[in-house]
Amino acid sequence: MKFLSTTAACLALLSPLPASARAVSSFFNAQSPIQILGDPVPGDNPLEYCADPSPNTLEIKSVDLSPNPPAPGQTLTIKASGNLKERVEPGARVLVEVKYGLITLINQSIDLCEQLGNVDLECPLEKGEMTLTKQVDLPKAIPPGTYNVHADVVSKESKRITCLDAHNIQFKIGQ
């Protein structure tokens, strides 16, 4: 779970989401599978944009995962770079949903600024180029199955920063 929530938080740093608390609650209470809707994110990763990324505040240049796909008991390194078109102020949120098959494991709204310390950044995020690197030690005992991660990042004004999906991340017995 730490891997999934940390990875989702890192992904959230690269994606915003506009919605009120009620809209978020009703959106995430659905048990339907996450659909593939977007274009691939540049780099060595299983990520896709949730929607057209052109109006997003964050222009992602690349996201690289090593190893890709992630493997239980190994250290996952996430390297990402991009360009913020606007300053990101405190109050930005990351809406994270992690599913194991059709079962929702994580469904929460996270304060983006509280998570930035995990990647040695802090709010406000200034306009311009940015890079981040994060290492996550994956537990050896990740339940086998298929996982889907959805991270939607929005500013305090509910303007989309970015929105990312990772579909069909598979962990197998003995992997």
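Modeller: Begin at Val94, whose bridge partner in strand 7 is Val153; please keep in mind throughout that this is a predicted model. That bridge belongs to a pairing in which strand 4 and strand 7, the latter covering residues 145-154, run antiparallel and are joined by eight bridges. Strand 4 itself spans residues 93-100 and is mostly covered, since six of its eight residues count as buried, that is, under 20% relative accessible area.

Strand 4 also pairs with strand 5, residues 103-111, again in the antiparallel sense and again through eight bridges.

Among the residues to look for is Tyr147, whose bridge partner in strand 8 is Ile169.

These pairings can now be put together. They are part of an open sheet of five strands, with antiparallel pairing, in which the strands follow the order 1-8-7-4-5. Strand 1 (47-49) and strand 5 stand at the edges, and because each has a single partner strand, one side of each is left without a neighbour in the sheet. From one strand to the next, the twist averages 15 degrees.

The largest nonpolar core holds 37 residues, and the ones with the most contacts inside it are Val41, Ile60, Val63, Val88 and Leu112. Strand 8 gives the most to this core, contributing five residues.

Finally, we come to the covalent ties, for the structure holds two disulfides. One of them joins Cys50 to Cys163, with an S to S distance of 2.3 Å. Cys50 lies in the loop between strand 1 and strand 2 (58-66), while Cys163 lies in strand 8, so the pair ties together parts that are 113 residues apart in sequence. The torsion about this S-S bond of Cys50 and Cys163 is about -85 degrees, so the disulfide is left-handed. Cys50 has a relative accessibility of 10% and therefore counts as buried, and Cys163 is also buried, with a relative accessible area of 3%.

The other disulfide joins Cys113 to Cys123, with an S to S distance of 1.8 Å. Here Cys113 lies in helix 3 (residues 112-116) and Cys123 in the loop between helix 3 and strand 6 (128-137), so this pair ties together parts that are 10 residues apart in sequence. The torsion about the S-S bond of Cys113 and Cys123 is about -80 degrees, so this disulfide is left-handed too. Cys123 has a relative accessible area of 19%, and since buried means under 20%, Cys123 counts as buried. If you number the bonded cysteines of the protein chain in sequence order, the pairing reads 1-4, 2-3.

Key: Residues are numbered from 1 along each chain as its sequence is written. This is a predicted model: local features need pLDDT of at least 70, side-chain atom pairs count only at pLDDT 80 or more; totals for chains, interfaces and linings use all residues. Side-chain values use heavy atoms; hydrogens and water are left out. Buried means under 20% relative accessible area, exposed over 50%, partly exposed in between (1.4 Å probe, protein chains only). Helices (H or I, at least four residues) and strands (E, at least two) are DSSP runs, numbered from the N terminus. Two strands pair if DSSP finds at least two bridges between them. Axes are lines fitted to C-alpha atoms, for helices over the stretch in contact, and angles run from 0 to 180 degrees between N-to-C directions. A nonpolar core is a set of buried Ala, Val, Leu, Ile, Met, Phe, Trp, Tyr and Cys residues joined through side-chain atoms within 4.5 Å. A disulfide is a pair of cysteine sulfur atoms within 2.5 Å.
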